[in-house]
Amino acid sequence: MPADGDSEFDSPRTIDTIVEALRAGGHTVHLVEADEQLPRWFLTHRVDLVFNIAEGVHGEHREAQVPAILESLGVPFTGSGSVTMALALDKTKTKQVLASEGILTPPWQLFATPSAPLSSRLEFPLIVKPNREGSSKGIWRESVVGDEGSLRRQIAHVLSRYRQEALVEEFISGREITIGVIGDQALPVLEIDFSSCRTSGEFFYSWRMKEFQGDAAQGLAPVLRCPAPLDAGTTKRIQDVARRAHRALGCMDVSRTDIRLRHDGTPFVLEVNPLPGLSPWDSNFPAMTTSAGWSHPELIQRIVALAMSRYHQVHPAFPTSPAGGSGVHLQEPSSGTRADAATNEAQRGAAPSRPASLTSQGAP
Ligand SMILES: Nc1ncnc2c1ncn2[C@@H]1O[C@H](COP(=O)(O)OP(=O)(O)OP(=O)(O)O)[C@@H](O)[C@H]1O
Ligand SMILES: [Mg+2]
């Protein structure tokens with residue numbers, strides 16, 4: 001497994017914190033490991049709602065696996081459904097959807113072989129990334145290339161090491177922004193400023209930057225600012241783009257959109273994360289809700305409330321707040337299951353087959 005092989009999974013501490021927040025909200029919580037046994041567990045236990053944080057175990061649609069299982073079993077869950085999860089994990093397909101909605105994304109080309117000719121539309125510097133990874137897996141200082149030779153080496157490296165296509169994009173050298181959406185509300189904009197990271201020479205969110213964030217000696221301590229010091233017009237433009245991207249991909253409850261601002265302030269969307277990390281210590285999404293004035297338990301309970309409200313709209317018998325004994329399930333950090341199935345059931349207008357409960361799993 002490469003050094004970045006397990007970067008997507010949540011830490012036990014983060015899972016414990018989410019469990020505590022759910023219990024504080026009046027729920028009974030069960031942790032469910034999102035592995036091959038997951039369907040069996042849900043066939044033999046009744047739950048009200050799953051708090052889904054499962055990243056999935058393997059495969060190109062891994063984040064969609066738990067939602068798909070829950071959808072098939074009719075179990076309600078928080079967050080996005082299987083189609084959105086699978087789409088968002090494929091950066092190129094995401095960019096196609098964004099572009100079709102008129103949302104700006106860096107010019108790109110997908111390489112299935114290292115020798116395919118480079119499109120004349122693309123100008124160096126470029127960045128080479130695995131097409132279907134998260135947590136900056138496969139993104140290193142060498143991923144930003146300024147000439148044809150380096151480009152070919154990086155494409156070959158991604159193809160062989162990550163066994164998937166290489167996405168080549170124009171490198172947008174402006175400010176780094178990430179922006180969360182919860183419900184249909186855009187959060188305060190978060191800027192990640194890499195200008196002090198001279199020792200590493202990594203002025204972008206590389207895998208090392210995320211994995212060892214805060215290590216100033218290695219040049220891996222970017223400065224986070226939330227709300228970002230931007231003029232009101234640029235802030236509004238970013239928040240509008242994030243809401244549009246959230247809707248374009250069909251995200252439910254939460255998403256986090258990663259953006260680079262061109263030097264003239266134009267936002268370019270890099271990708272949309274429908275399963276943002278919820279660690280109160282390491283993740284960017286909670287940094288934005290903290291800036292908005294919410295505690296971490298409030299964030300977790302808000303996600304539950306949004307999911308319950310969605311189900312309730314379609315099935316009035318579905319509770320809008322935790323009744324005594326309402327069950328919450330949290331999964332271990334290996335794969336993700338239940339939450340999506342019930343959402344789609346609700347959207348289709350089918351009655352939920354069981355009362356709401358919550359399940360989740362760890363993801364960074
Ligand atoms: N076209 C680009 N221009 C400038 N920087 C980029 C570009 N693409 C990626 N990056 C840098 O690499 C980082 C990771 O890229 P990206 O968000 O596409 O990957 P990811 O692994 O899916 O991230 P996440 O952990 O958010 O899921 C970005 O946050 C940004 O710093
Ligand atoms: Mg990203």
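**Exercise 1. The ligand shell**

Task: Find how many residues surround ligand 1, and which are closest.

Solution. Ligand 1 has 21 residues around it. Gly134, Glu169, Ile172, Phe204 and Tyr205 are the closest. A residue is near a molecule if its C-beta atom, placed from the backbone, lies within 6 Å of it. This is a predicted model: local features need pLDDT of at least 70, side-chain atom pairs count only at pLDDT 80 or more, and totals for chains, interfaces and linings use all residues. Residues are numbered from 1 along each chain as its sequence is written, while chains are lettered from A and ligands numbered from 1 in the order in which they are written.

Next, the elements. β4, β6, β11 (254–261) and β12 (267–273) each supply at least two shell residues. β12 gives the most, with 3 residues. Helices (H or I, at least four residues) and strands (E, at least two) are DSSP runs, numbered from the N terminus.

The shell divides into 8 nonpolar, 4 polar and 9 charged residues. Here Ala, Val, Leu, Ile, Met, Phe, Trp, Tyr, Cys and Pro count as nonpolar, Asp, Glu, Lys and Arg as charged, and the others, Gly among them, as polar.

**Exercise 2. The open sheet**

Task: Give the order of the 4 strands in the open sheet, and say why one side of β3 and of β5 lacks a neighbour.

Solution. The order is β3-β6-β4-β5, with antiparallel pairing. β3 (108–111) and β5 (144–145) are at the edges with a single partner strand each, so one side of each has no neighbour in the sheet. Two strands pair if DSSP finds at least two bridges between them. β4 (residues 126–130) and β5 are joined by 2 bridges. Ile127 has Val144 of β5 as its bridge partner.

**Exercise 3. The cores**

Task: Name the residues that touch the most other members of the largest nonpolar core.

Solution. They are Ile18, Ile179, Leu190 and Ile259, in a core of 75 residues. Helix α10 (residues 296–314) gives the largest share, 7 residues. Another core, of 13 residues, lies apart and includes Trp108, Ile127, Leu151 and Ile155. A nonpolar core is a set of buried Ala, Val, Leu, Ile, Met, Phe, Trp, Tyr and Cys residues joined through C-beta atoms within 7 Å. Buried means 20 or more other C-beta atoms within 10 Å of the residue's own.

Definitions and conventions:
Buried ≥ 20, exposed ≤ 12 C-beta atoms within 10 Å, placed from the backbone.
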